Amino acid sequence: MTTEHPEKTAPPPHRPLSDWIARVRPGTPGRPPAIGPVNDGDERTDARTMPRFRTQPWTRTSLMVERAGERCRALALRAPDGGTVVELDDCGAPIAVSQTGAELIDRLENHWTEPPADPRTVDRLRAEGLALRYFLLHRLARETDAPPALFHSLPWERVDAAARSASALLRAQTDSSPVSPVPPPVGELRHWFTPAASSLAGPLQVLEAGLRTEREGPWFGREAATLLSGLLRAEPRRLPDATRNALAGLAGVLGEADRALHHSARLAAARLTGTHPVTPMRRLLDSDFVLRASSGEPRPGHDEPSGRSEFLEQWPVAAVLTVTGNRLLEIEMEIEDHPAPPTRRRTDGPLCQPVTLRPVMEDTDTDTPAAGPGTRYWILLHAEAGALGGFIAVPAPDHTFEVDLDAPPLPLRFLDRVPPGELEASLHANEHITLSEWHRVIDGLAPWHPAHTALAAYAARHG
């Protein structure tokens, strides 16, 4: 006897875009409806996951309410029994929408898995308030493979202006040349662009402001590296052409200003523009490679001892990957440095280069290798003789894996959000660094820095 399993039904199409809602209550005569407390008093609850919106069909609508003492049309949902809730922004205020905008949201929700993204739809979205666009795109990006063109409705001209300003300011300060006055960007970037790309608007705004005010102290290395990492992860098609070109220009200036950032900056610019391709600093090492290295068999045509090496180079970066006979992966890298290292880098302190080892499995749908989440280590880079260099040794995975050296280095002081366990593993991997050297570079860090915990655990094993 076979048991039939009922198919899962899709949730109702109309659910909150925001994580905050409020019930609407009848107002006094001549006044708009009153608004109840956020999420019925539980602000920590995400309204988008409330059971009430998954167990009964709601209708997308809008209604007039009061916002900051003025009448405002707000985005709303109506239950089958006639009860209504309005959606709220991050400040707890109703999300403004036009009547045609509410109709557009209704249409998009009814085609949620494949929403329209034609130019007219994008233009209509652009005419709505920024909060509405943000919440719509945030939920779309989280739940669907949203068409890239929809993200073009965000105010990318703000990003363009900030990127062009940062480029001009950094170029002038690097070359010590006069710069024509650059007007500050209009409008804050804040979190509005995170549905399209994370780690982009935040570091860009801090970078531009820091350059404009000639901010002192350590800060530049974190923002530059975080921005480049965000650009390396971003989906370029979600950004309009003008934005991609402005950000690629800024990446180029960052790479010129500091050779430690040069490779990541060129790779980010190439991804954004699709021109001047750059070979990634990545290498796939299969299980046979590891097996030959550990077996001691010489490579065909060579009389090398056990161990196998691969060489990666993209000026100014070079790296040697070696799997030893005892199944260790050794990574030695060098970055050709400026004759005089940038002042900002000296202010930020010693750099650490991230290297990620990712297991690679075959995608059963495409019969092609697919890299999964990996293990990250940090190579402490020493500055000497016109170069930055470092070395780590870690256990080589038994399976096929990818070695990734594309990410930009970060100053050690800014690894303050890295888990202590990851830092401790990196301390062990940097075999050429002594315990006293670790104390010299870590003891002066902020008391809350996780490197102190990592160093204590490391010292307990090596004390």
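Modeller: On a 1 Å grid over the protein atoms alone, a pocket is an open set of points with protein on both sides within 12 Å along at least five of seven lines, a cavity is a set where a 1.4 Å probe fits but cannot get out, and lining residues have an atom within 4 Å of a point. Points are joined across faces, edges and corners, and the volume is the space filled by probe spheres set on them. One caveat before we look: this is a predicted model, where local features need pLDDT of at least 70 and side-chain atom pairs count only at pLDDT 80 or more, while totals for chains, interfaces and linings use all residues. Residues are numbered from 1 along each chain as its sequence is written, and side-chain values use heavy atoms, with hydrogens and water left out.

Biologist: Okay, what volume does the largest pocket have?

Modeller: About 800 Å³. It has 30 lining residues, and Ala225, Thr226, Ser229, Arg233 and Arg376 are the ones closest to the pocket's centre.

Biologist: Which element brings the largest share of that lining?

Modeller: That's α7, with seven residues. Helices (DSSP H or I, at least four residues) and strands (E, at least two) are numbered from the N terminus. For the largest pocket, at least two lining residues each come from α6 (201–212), α7 (220–233), α9 (262–273), β10 (351–363) and β12 (375–380).

Biologist: Let's move on. Which residues lie nearest the centre of the second largest pocket?

Modeller: Look for Glu332, Met333, Glu384, Gly389 and Gly390, out of 19 lining residues. Two or more residues of this lining come from each of β8 (317–323), β9 (328–336), β13 (382–384) and β14 (387–395). Strand β14 gives the most, five residues. The space in this second largest pocket comes to about 310 Å³, and its lining splits into ten nonpolar, five polar and four charged residues.

Biologist: Then where should I look for the centre of the second largest cavity?

Modeller: Centre your view on Ala260, His263, Ser264, Val317 and Gln353, which lie nearest the middle among 14 lining residues. The volume of the second largest cavity is about 60 Å³.

Biologist: Which elements supply at least two residues each to that lining?

Modeller: Helix α9 and strand β9. The largest share, three residues, comes from α9, and α9 is also on the list of elements for the largest pocket.

Biologist: And how does the lining of the second largest cavity divide?

Modeller: Into eight nonpolar, four polar and two charged residues.

How values were computed
Ala, Val, Leu, Ile, Met, Phe, Trp, Tyr, Cys and Pro count as nonpolar, Asp, Glu, Lys and Arg as charged, and the others, Gly among them, as polar.
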